[in-house]
Amino acid sequence: MSDRHLVIAGQGRAGSTLFYNMLRHCLRDFHLPEGETSAVSCLNRPGNACTKRPFDILQMPRIAAAFAGRKRLDLIVTLRDPRDILTSRHRAVPGEYFYGADRCYHIYPDRAPTLTAPGFLQVHKAILETARSGLFPQGIFYLKYEDLVAHPEAVQDLLARDFGLRFEGDFRAFTEQGVTAELDRALNGLRPLEAGRIAKWRAPEHRARIVEQFTRFPVLHDILISLGYERDRSWFDAISDASAAQAPGV
């Protein structure tokens with residue numbers, strides 16, 4: 001079993017398309033489709049392949065069963081500060097928050113988006129279940145958006161070391177390669193790495209959204225701490241107070 005398949009899955013709006021474009025630019029010895037593709041769609045393709053589809057994390061037991069005995073399967077899970085995910089935008093739904101704790105928008109090629117796809121909590125549950133499943137005894141690579149944007153060279157070196165991947169070129173130069181319309185749409189436009197997109201949830205315009213989501217779904221506090229983005233809930237008290245001070249009549 002010499003052929004390999006590299007799956008990129010996990011949280012949406014967590015840099016998976018950015019990362020995939022980096023791989024398309026400089027990863028060698030792998031076939032990478034031009035758009036978002038499920039892992040099973042490449043099952044019968046000979047040789048090594050790499051696919052990106054965040055919601056594949058919800059189907060990981062089925063994907064692992066399909067590849068068993070046929071190709072080595074490796075998994076890269078995309079993560080990001082939940083607050084940035086919950087305040088993310090998509091050009092297909094202007095004026096709306098794209099990704100909620102319970103639901104996110106499903107984008108169709110031929111009709112209007114619908115708020116019917118699984119949200120942050122369902123995907124987080126699937127990530128935990130996959131981690132505990134034993135399906136990847138060689139380990140799972142957890143890729144935080146913040147690390148990818150701030151330290152792309154270090155991420156590239158870790159992937160070469162841990163997964164034995166071969167690169168020609170570097171991640172920062174990914175904009176030198178053109179992208180398809182589908183990948184450009186998911187990126188909200190091709191642009192160089194922007195460290196300013198880290199912690200964008202802090203903008204005053206997002207306070208009400210953050211307060212609403214963390215009030216409706218308090219388990220988000222535990223997840224935020226478990227992922228290492230906060231040590232306690234004091235940050236929430238601060239923005240709650242600021243949001244209340246901005247309310248009409250206060």
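Me: Why is E36 called partly exposed?
Reply: First, a caution: this is a predicted model. E36 has a relative accessible area of 38%.

Me: What makes E36 and K52 a salt bridge?
Reply: Their side chains meet with N to O at 2.8 Å. The cut-off is within 4 Å, from a side-chain nitrogen of Lys or Arg to a carboxyl oxygen of Asp or Glu. The pair therefore qualifies. Side chains of opposite charge can pair when their charged atoms come close.

Me: Where in the chain do these two partners sit?
Reply: E36 is in the loop between strand 2 (27-28) and strand 3 (49-52). K52 is in strand 3. They are 16 residues apart, and the pair links distant parts of the chain.

Me: How do you know that D222 and R233 form a salt bridge?
Reply: The closest N and O atoms of D222 and R233 are 3.6 Å apart. The limit is within 4 Å, so the pair counts.

Me: What does the D222 and R233 pair tie together?
Reply: D222 lies in helix 9 (residues 219-226). R233 lies in the loop between helix 9 and helix 10 (234-246). The pair therefore ties together parts that are eleven residues apart in sequence.

Me: Are D222 and R233 buried, exposed or partly exposed?
Reply: D222 has a relative accessible area of 44%. R233 has 40% relative accessibility. Both values fall between 20% and 50%, so D222 and R233 are partly exposed.

Me: What about D81 and R83?
Reply: The side chains of D81 and R83 meet in a salt bridge, at 2.8 Å from N to O. Both residues are buried. A search of the whole structure finds 15 salt bridges.

Me: Why is A65 called exposed?
Reply: A65 has a relative accessible area of 56%. Exposed means over 50%, so A65 is exposed. This residue is found in helix 2 (residues 60-67). The C-alpha atoms of A65 and L135 are separated by 9.1 Å, though the two are 70 residues apart along the chain.

Me: Which residues have the most contacts inside the largest nonpolar core?
Reply: They are I57, M60, L75, Y99, F214 and W235. That core has 43 residues. Apart from it lies another core, of 25 residues, among them F19, L27, V149 and F174.

Me: Which residues does I57 touch beyond its neighbours within four places in sequence?
Reply: I57 is in contact with A9, G10, L75, V77, V123, A126, I127 and T130.

Me: What lines the second largest pocket?
Reply: Its lining includes E96, Y97, D102, R103 and R209. Four lining residues are nonpolar, two polar and five charged. Helix 8 gives the most to the lining, with three residues. The pocket has a volume of about 150 Å³.

Me: And the protein overall?
Reply: The secondary structure comes to ten helices and eight strands. Of the 250 residues, 48% count as buried.

Note on methods:
Residues are numbered from 1 along each chain as its sequence is written. This is a predicted model: local features need pLDDT of at least 70, side-chain atom pairs count only at pLDDT 80 or more; totals for chains, interfaces and linings use all residues. Side-chain values use heavy atoms; hydrogens and water are left out. On a 1 Å grid over the protein atoms alone, a cavity is a set of points where a 1.4 Å probe fits but cannot get out, and a pocket is an open set with protein on both sides within 12 Å along at least five of seven lines; lining residues have an atom within 4 Å of a point. Grid points are joined across faces, edges and corners, and a volume is the space filled by probe spheres set on the points. Helices (H or I, at least four residues) and strands (E, at least two) are DSSP runs, numbered from the N terminus. Ala, Val, Leu, Ile, Met, Phe, Trp, Tyr, Cys and Pro count as nonpolar, Asp, Glu, Lys and Arg as charged, and the others, Gly among them, as polar. A nonpolar core is a set of buried Ala, Val, Leu, Ile, Met, Phe, Trp, Tyr and Cys residues joined through side-chain atoms within 4.5 Å. Buried means under 20% relative accessible area, exposed over 50%, partly exposed in between (1.4 Å probe, protein chains only). Contact means heavy atoms within 4.5 Å.
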